[in-house]
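User: I am new to this entry. Please walk me through it step by step.

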Amino acid sequence: MGPLQIKEILQTAPENQSVVVKGWVRTKRESKNAIFIALNDGSTIHNIQAVAEPGQFSAELLLTITTGSCLKVTGLLVPSLGSGQTVEVKITDIEVYGTADPEEYPLQPKKHSLEFLREIAHLRPRTNTFSAILRIRHALAFAVHQYFNDNGFFYLHTPVITASDAEGAGEMFRVTTLDLNNLPRTEEGAINFKEDFFGREANLTVSGQLEGELGAMALSKIYTFGPTFRAENSNTTRHLAEFWMIEPEMAFFELKDNMDLAEDFVKKVITYALTNCKDDLNFLQNRLTEEEKNKPQNERSLPLLEKLAFVVDNPFERLTYTEAIEILLKSKPQKEGKFQFPVTGWGIDLSSEHERYLVEKHFKKPVILTNYPREIKSFYMKLDEDGKTVRAMDVLFPGIGEIIGGSQREENYEKLLGRVKEIGIDPENLWWYLETRKFGTAPHSGFGLGFERLVQFVTGMGNIRDVIPFPRYPKSAEF
Ligand code: 4AD
Ligand code: MG
């Protein structure tokens, strides 16, 4: 449908036929005998080379063909004499759709830093690196839907605007239509949210889980895949204020089933990318190797494709939080005082340096940690028999840390109500959630995968801001 794309032309168009190529100029090179134009339309990492003869076109026209300009080129697809491509286009006609003044156009054919490219997020998809990332991101999203569809899950669209704080962490963005300069007040002087759009306080969702559970209590296996918002002021390479989360929720799944699903799911979607994004992954692998070439051998990471294959081919290590604490207490960095946050004992919240020690140094593979202390986990997690731990599971990945957080859910009404009150949520606000435990409650489990963390892992990118087209983070909402 529509005009042929460069990917199709390179793969399937028969030689010695006329083709029309539309795309953006990556480079223009002039030699004595020919003018070479490399065109790319984002359909593939590969450019198509178009060749003109000197004198074939006016100097005036040629001057307007510069990096970033957009062209329609007509010509004959012929075998290429040059190395690097099998076919090229012998140009018969050029139409310039749009110029890009080299004095102004910021993307010149040289290496730009990722930081600089973040400032021009409206143009960075035109670079090899970002177009590769975006194509892989698309493939992973497709694989997610395919996986769940093939396994009997239904896609449930949970709301973006909510009145509840699913994680109980208070990191929410407010949604309001009130006039901030003229707020309606109650008689006591508090802001009167009854006059707000929804007649109550409302926020952007931090998770679709609570509504996901409602779906699972009817359809058995559902998943959500949508934008998620957290107003946590963390300027890290792994946090965004707006990210996409995938949250399956399954009736009749216990913690072990949940772990099995999480492991199978990530392995299958990574396998999909390995099979379907070879050229882009190879490009990113070379990019990383180049980036690390000045590092000493023992500090270099595994080549990207090997790293991905390793994760797909090996079982994840599974252990409890309690076992992890024992390992950390005996670890070298702990003994030598190298942890920024020393492990003081059972009950502490693990920081990413602890998680990364377990994954990268101790086990050297992905780890699933389970049965965390109840105090450091969310109110909805099922209490273990000992009354101290909950049926939580975090999946930890090399270079990333936590990629999945999930649990078996508390299905007992009284226990759940107790936990809700304990952490200071008004049960009135969650009456609908609590009612699922009153009417036909069932054991159930689920988890949340941070989509950008997955894309980060698969592309090998160091900063999460580079794996979403238009990142949102503290003090930044441009584009
Ligand atoms: O561990 P979290 O907070 O779990 C939940 O929200 C549960 N309701 C999920 C569930 O059981 N249905 O978040 C889940 C995952 C994390 O493991 C991480 O990968 C990602 O979401 N995540 C973020 N990704 C980017 N930026 C942030 N600020 C993130 N916060 C969480
Ligand atoms: Mg978590």
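Analyst: Two strands pair if DSSP finds at least two bridges between them. Helices (H or I, at least four residues) and strands (E, at least two) are DSSP runs, numbered from the N terminus. This is a predicted model: local features need pLDDT of at least 70, side-chain atom pairs count only at pLDDT 80 or more, and totals for chains, interfaces and linings use all residues. Residues are numbered from 1 along each chain as its sequence is written, chains are lettered from A and ligands numbered from 1 in the order in which they are written, and side-chain values use heavy atoms, without hydrogens or water.

User: How many helices and strands are in the chain?

Analyst: The C-alpha trace spans about 85 × 60 × 45 Å along its principal axes. Within the chain there are 14 helices and 16 strands.

User: What share of the residues counts as buried?

Analyst: Buried means under 20% relative accessible area, exposed over 50%, partly exposed in between (1.4 Å probe, protein chains only). The chain has 479 residues, and the buried share is 50%.

User: Which residue stands opposite V25 in β2?

Analyst: Strand β1 (residues 18-30) runs antiparallel to β2, with 6 bridges joining them. The two form a hairpin with 4 residues between them. The residue opposite V25 is L39.

User: Why is strand β2 largely enclosed by the rest of the structure?

Analyst: In a regular strand the side chains alternate between the two faces of the sheet. Both faces of β2 are covered: I35, I37 and L39 are buried on one side, and F36, A38 and N40 on the other. Strand β2 (residues 35-40) is largely enclosed because its buried residues number 6 of the 6.

User: Which residue in β5 is the bridge partner of T74?

Analyst: Strand β4 (residues 70-79) and strand β5 (residues 87-98) run antiparallel. They are joined by 10 bridges. The partner of T74 is D93.

User: Which strands stand at the edges of the open sheet?

Analyst: The open sheet has 8 strands in the order β6-β10-β11-β16-β15-β14-β13-β12, with mixed pairing. An edge strand here has a single partner, so one side of it is left without a neighbour in the sheet. The edge strands are β6 (154-155) and β12 (317-320).

User: Which residue of β13 is the bridge partner of R318?

Analyst: Strand β12 runs parallel to strand β13 (residues 367-370), and 4 bridges join them. R318 also takes part in a salt-bridge network with K256, D260, E263 and K267. Its bridge partner in β13 is I368.

User: How many salt bridges does a search of the whole structure find?

Analyst: A salt bridge is a side-chain nitrogen of Lys or Arg within 4 Å of a carboxyl oxygen of Asp or Glu. One of them joins E290 to K293 at 2.6 Å, N to O. Another links E30 with K28, whose closest N and O atoms are 3.6 Å apart. The search finds 26.

User: How far apart in sequence are the parts that K377 and D394 tie together?

Analyst: K377 and D394 form a salt bridge, with the closest N and O atoms 3.1 Å apart. K377 lies in the loop between β13 and β14 (392-397), while D394 lies in strand β14, so the pair ties together parts separated in sequence by 17 residues.

User: Is D394 buried or exposed?

Analyst: The relative accessible area of D394 is 3%. That value lies under the 20% limit. D394 is buried.

User: What accessible area does the nonpolar patch on the surface have?

Analyst: Patches are made of residues with over 30% relative accessible area and no salt bridge; like charges are joined within 9 Å, nonpolar side chains (Val, Leu, Ile, Met, Phe, Trp, Tyr) within 5 Å. Areas come from the Shrake-Rupley method with a 1.4 Å probe; for residues, only the protein chains shown count as cover. F197, in the loop between β8 (174-175) and β9 (202-204), is exposed at 59%. Together V160, I161, F197 and F198 have about 370 Å².
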